[in-house]
Amino acid sequence: ITDRSSYDRMVFRSRFVQKLREFYYREGFIEVETPTLGNTASGALANPFITHIDSIDADLYLRIAPETSLKKCTVGGMEKVFEIGKQFRNEGIDPSHLPEFTSVEHYAVYWNYIDNMDFTERMFTYILAELMGGKREVEILNSKGETNMVDFSGPWPRVSIRDLILENSGIDMYRADTLDKLRAAITEKGIQIDGFLKHSYGTLIDKLYKQVARPKLINPTFLIHQPLVLSPLAR
């Protein structure tokens, strides 16, 4: 009595999560389950949901990310940990954002971002081989509801945010290295950005990238070398 495509999608999701777990286990990771309720909202930049616990008459926050708890696990001696779980963010809703969603997050001590990029490529190679019979091209809807054929064949490009912005707008953020210079460059190029005069330097770089470069990225691409002002949680 249901739409068969909906049923097939649910089965595919279940098998995807199964293979995702299998890959982490193969790579020597330990799965953990960390608290969903906390005294503080931490682990990412997002608005939290606030709830109340009657027994101690205190407000608590639904987690926006498991990051802080997972890092505590690594400090406690668990060198490779991951968690698949629910996150909650009290923000807008669109095709790529929901207030309640499932994510996977992992931490491996001694790794750097290059190790993480290599790991992610191996992950998708394994999952696609298991679920798609080795097929590397997958039809995916973008945030506008348009269908794209996405090629997961590696190696995936590793491109700096500066090069992407320069290629797609002619603006070099290494030269436009202050808020005033960046605003002047954007104005000169005639690029329209919502809230143009309200944004900080880092936010304006992010908005510029999302305006001129990100819509053109179809296949998997690692965006690297973000400026420090965009990476408060980076290594």
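This passage walks through the predicted model of the protein chain, from its overall make-up to a few local details.

The chain, as predicted, contains 6 helices and 10 strands. Its C-alpha trace spans about 55 × 50 × 45 Å along the principal axes. Of the 235 residues in the chain, 33% are buried. Contacts between residues at least 6 apart in sequence were also sorted by their separation, and 56% of these join residues at least 24 apart.

A helix pair comes next. Two packed helices are described by the angle between their axes and the distance between the axes. For helix 5 (residues 179-189) and helix 6 (residues 201-212), the axes come within 9 Å and cross at roughly 25 degrees. Because angles under 35 degrees count as roughly parallel, helix 5 is described as roughly parallel to helix 6. The crossing of these two helices is left-handed. On the side of helix 5, the contact is made by Leu179, Leu182, Arg183 and Ile186, and helix 6 contributes Tyr201, Leu204, Ile205 and Leu208. Sorted by class, the contact of helix 5 with helix 6 has 7 nonpolar residues and 1 charged residue, with no polar residues.

Thr74 counts as buried because its relative accessibility is 17%, and the cut-off for buried is under 20%. A polar atom of the Thr74 side chain lies 2.7 Å from the backbone oxygen of Lys71. Leaving aside residues up to four places away in sequence, Thr74 touches Val81, Tyr107 and Val109.

Some backbone details deserve a look as well. Most residues other than glycine have a negative phi, and most peptide bonds are trans. In this model, Gly154 and Pro155 are joined by a cis peptide bond, with omega about -5 degrees. Pro155 lies in the loop that connects strand 8 (147-151) with strand 9 (158-160).

Tyr110 is not a glycine, yet its phi is positive, at about 75 degrees. Tyr110 sits in the loop between strand 6 (100-108) and helix 3 (113-132). With a relative accessible area of 72%, Tyr110 is exposed, since the cut-off for exposed is over 50%. His225, also not a glycine, has a positive phi of about 60 degrees. This histidine belongs to the segment after strand 10 (222-224). His225 has a relative accessible area of 46% and is therefore partly exposed.

Another histidine, His97, is found in the loop between strand 5 (80-88) and strand 6. At 44% relative accessibility, His97 is counted as partly exposed. His97 and Ser143 are separated by 46 residues in sequence, and their C-alpha atoms are 9.3 Å apart in space.

Note on methods. Residues are numbered from 1 along each chain as its sequence is written. This is a predicted model: local features need pLDDT of at least 70, side-chain atom pairs count only at pLDDT 80 or more; totals for chains, interfaces and linings use all residues. Side-chain values use heavy atoms; hydrogens and water are left out. Axes are lines fitted to C-alpha atoms, for helices over the stretch in contact, and angles run from 0 to 180 degrees between N-to-C directions. Helices (H or I, at least four residues) and strands (E, at least two) are DSSP runs, numbered from the N terminus. Angles under 35 degrees count as roughly parallel, over 145 as roughly antiparallel, 65 to 115 as roughly perpendicular and the rest as oblique. A crossing is left-handed if the near helix is turned anticlockwise from the far one by less than a right angle, and right-handed if clockwise. Contact means heavy atoms within 4.5 Å. Ala, Val, Leu, Ile, Met, Phe, Trp, Tyr, Cys and Pro count as nonpolar, Asp, Glu, Lys and Arg as charged, and the others, Gly among them, as polar. Buried means under 20% relative accessible area, exposed over 50%, partly exposed in between (1.4 Å probe, protein chains only). A polar contact is a pair of N or O atoms within 3.5 Å; within protein, one must be able to donate a hydrogen and the other to accept it, and residues adjacent in sequence count only if both atoms are side-chain atoms.
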